[in-house]
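Reader: Hi! I'm new to reading protein models, could you walk me through this one?
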Amino acid sequence: MRIAFAHHFDLDFWSGGEKFVVQMANELSKRGHVVSVYTTPFVIEGQRVMKDSHKFLLNEIQFNKAWTHKPKADIVYVMYDPYSPINRAIFNLSQCTAKITGIHSSSFWEPFHLMYGNVPNVGRIAEVMFGKFELSRYDAVHILTNAFTIQHPTVYLIPNYVDSSIYKPSKKNSQFTVAFTSRHS
């Protein structure tokens with residue numbers, strides 16, 4: 001099966017969504033699928049956490065970084081972004097049979113806040129204006145949490161996994177502690 005991942009950020013932004021794309025692409029490639037990854041050179045406020053992070057992709061995975069793409073795939077997984085007119089200009093999905101979008105950021109549903117920065121706050125406005133239209137472009141929506149409501153007929157709630165080869169169950173302290181790793185926002 002031909003599987004494509006399309007992301008509006010450069011993998012060098014190296015946040016949760018970028019790591020998700022790399023890990024999923026590698027795992028699907030190991031399972032025998034023909035995998036390709038399409039990104040743009042864009043990062044928020046020039047924040048490149050990792051240089052050449054596409055090198056974490058297995059050699060057989062086709063990697064494409066450009067401002068426009070026309071992927072050919074049986075299934076394409078697009079990182080959700082509510083900027084509908086811009087997304088349609090970047091990713092022409094006409095040659096992809098099934099289209100899935102993955103919502104990996106809650107910032108599009110959060111109230112405006114300065115700590116998010118300009119791009120996510122503009123994204124919030126775009127979600128209000130284009131969100132329903134943008135989601136209708138996809139056959140299914142993948143969400144990591146049900147903390148916000150998604151208006152789409154086919155929504156799959158699949159949280160990120162925990163690598164049990166690293167994190168093992170252990171005896172709990174009497175006081176419960178939760179570790180949460182994410183952006184400050």
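Predicted model: local features only at pLDDT ≥ 70, side-chain atom pairs only at ≥ 80, totals over all residues.
Author: Happy to; we'll talk about salt bridges, then a pocket, then a surface patch.

Reader: Where do D10 and K65 lie?

Author: D10 is in the loop between strand 1 and helix 1 and K65 is in strand 3, so the pair ties together parts that are 55 residues apart in sequence. Helices (H or I, at least four residues) and strands (E, at least two) are DSSP runs, numbered from the N terminus.

Reader: And is D10 buried or exposed?

Author: D10 is buried, at 1% relative accessibility, whereas K65 is partly exposed at 36%. Buried means under 20% relative accessible area, exposed over 50%, and partly exposed in between (1.4 Å probe, protein chains only).

Reader: Which residues are linked with D10 in a network?

Author: D10, D12, R48 and K65 are linked in a network of salt bridges. Within it, D12 and R48 meet at 3.9 Å, N to O.

Reader: New topic: what lines the second largest pocket?

Author: There are 19 lining residues, with F20, M24, L28, Y77 and H142 nearest the centre. A pocket is an open set of points on a 1 Å grid over the protein atoms alone, where a 1.4 Å probe fits, with protein on both sides within 12 Å along at least five of seven lines; lining residues have an atom within 4 Å of a point. Helix 1 gives the largest share of the lining, four residues.

Reader: Last one: which residues form the nonpolar surface patch?

Author: F112, I125, V128 and M129 do, with about 430 Å² of accessible area together. Such a patch takes nonpolar side chains (Val, Leu, Ile, Met, Phe, Trp, Tyr) joined within 5 Å, from residues with over 30% relative accessible area and no salt bridge. Areas come from the Shrake-Rupley method with a 1.4 Å probe. M129 sits in helix 3 (residues 118–135) and is exposed at 55%.

Notes
Residues numbered from 1 in each chain as written. Heavy atoms only, no water. Patch = residues over 30% accessible without salt bridge, like charges linked within 9 Å, V, L, I, M, F, W, Y side chains within 5 Å. Salt bridge = Lys/Arg side-chain N within 4 Å of Asp/Glu carboxyl O.
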